[in-house]
Amino acid sequence: MVVEKMQKALRAYAEVLRLIRRLPKDTRSYYAKYARENFVNYREVDAADSAAIDELLNRTYAHSIWVLHKYSVKEGAAEKLKNVCSAQ
């Protein structure tokens, strides 16, 4: 279970990085750094705490959608991230 949650978090991070490629070129480095910093900051979260991991994944998706809307990227681009973050 713990390994599955960690793999899910890594898949979410990879999807966020893929979505960053859809942003304007001059904003990509900022959001890539922001995503990396957040991923590193939350690595201490107990992987056995399903509720905490699920909350972080939900926030990952919500923040990604917000950024995509900000730059007029269609929400459908985040379908894979949605599937990763909402899959039980």
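User: Which residue forms a salt bridge with Glu15, and how far apart are the closest N and O atoms?
Analyst: This is a predicted model, in which local features need pLDDT of at least 70 and side-chain atom pairs count only at pLDDT 80 or more, while totals for chains, interfaces and linings use all residues. Residues are numbered from 1 along each chain as its sequence is written, and side-chain values use heavy atoms, with hydrogens and water left out. A salt bridge here is a side-chain nitrogen of Lys or Arg within 4 Å of a carboxyl oxygen of Asp or Glu. Glu15 has such a partner, with the closest N and O atoms 2.9 Å apart, and that partner is Arg18.

User: Where do Glu15 and Arg18 lie, and how many residues apart are they?
Analyst: An α-helix has 3.6 residues a turn, so residues three or four places apart point the same way. Helices are DSSP runs (H or I, at least four residues) numbered from the N terminus, and Glu15 and Arg18 both lie in helix α1, about one turn of the helix from each other, at a spacing of 3 residues.

User: Is Glu15 buried or exposed?
Analyst: Buried means under 20% relative accessible area, exposed over 50%, and partly exposed in between, with a 1.4 Å probe and protein chains only. Arg18, at 41% relative accessibility, counts as partly exposed. Glu15 has a relative accessibility of 12%, and therefore counts as buried.

User: Which residue forms a salt bridge with Lys5?
Analyst: The structure holds 3 salt bridges. In the one formed by Lys5, the closest N and O atoms are 2.9 Å apart, and the other residue is Asp54. The pair links distant parts of the chain, since Lys5 is in helix α1 and, 49 residues apart from it, in helix α3, is Asp54.

User: What is the relative accessibility of Glu44, which forms a salt bridge with Arg43?
Analyst: In the bridge between Glu44 and Arg43, the closest N and O atoms are 3.8 Å apart. Arg43 counts as exposed at 55% relative accessibility. Glu44 also counts as exposed, because its relative accessibility is 67%.

User: Is α1 roughly parallel or roughly antiparallel to α2?
Analyst: Two packed helices are described by the angle between their axes and the distance between the axes. Axes are lines fitted to C-alpha atoms, for helices over the stretch in contact, and angles run from 0 to 180 degrees between N-to-C directions; those under 35 degrees count as roughly parallel, over 145 as roughly antiparallel, 65 to 115 as roughly perpendicular and the rest as oblique. The axes of α1 and α2 (residues 25–41) come within 9 Å and cross at roughly 170°. That angle makes the two helices roughly antiparallel.

User: At roughly what angle do the axes of α1 and α3 cross?
Analyst: Residues of α1, including Lys5, Ala12 and Leu19, meet residues of α3, including Asp54, Leu57 and Leu68, where contact means heavy atoms within 4.5 Å. The axes of α1 and α3 come within 11 Å and cross at roughly 5°. That makes α1 roughly parallel to α3, the angle being roughly 5°.

User: Which residues of helix α4 are buried, and which helices do they pack against?
Analyst: In helix α4 (residues 79–86), the buried residues are Leu81, Val84 and Cys85. Seen down the axis of α4, they fall within an arc of 90°, so they line one face of the helix; the arc is that of the directions from the helix axis to the C-beta atoms. These buried residues, Leu81, Val84 and Cys85, pack against α1 and α3.
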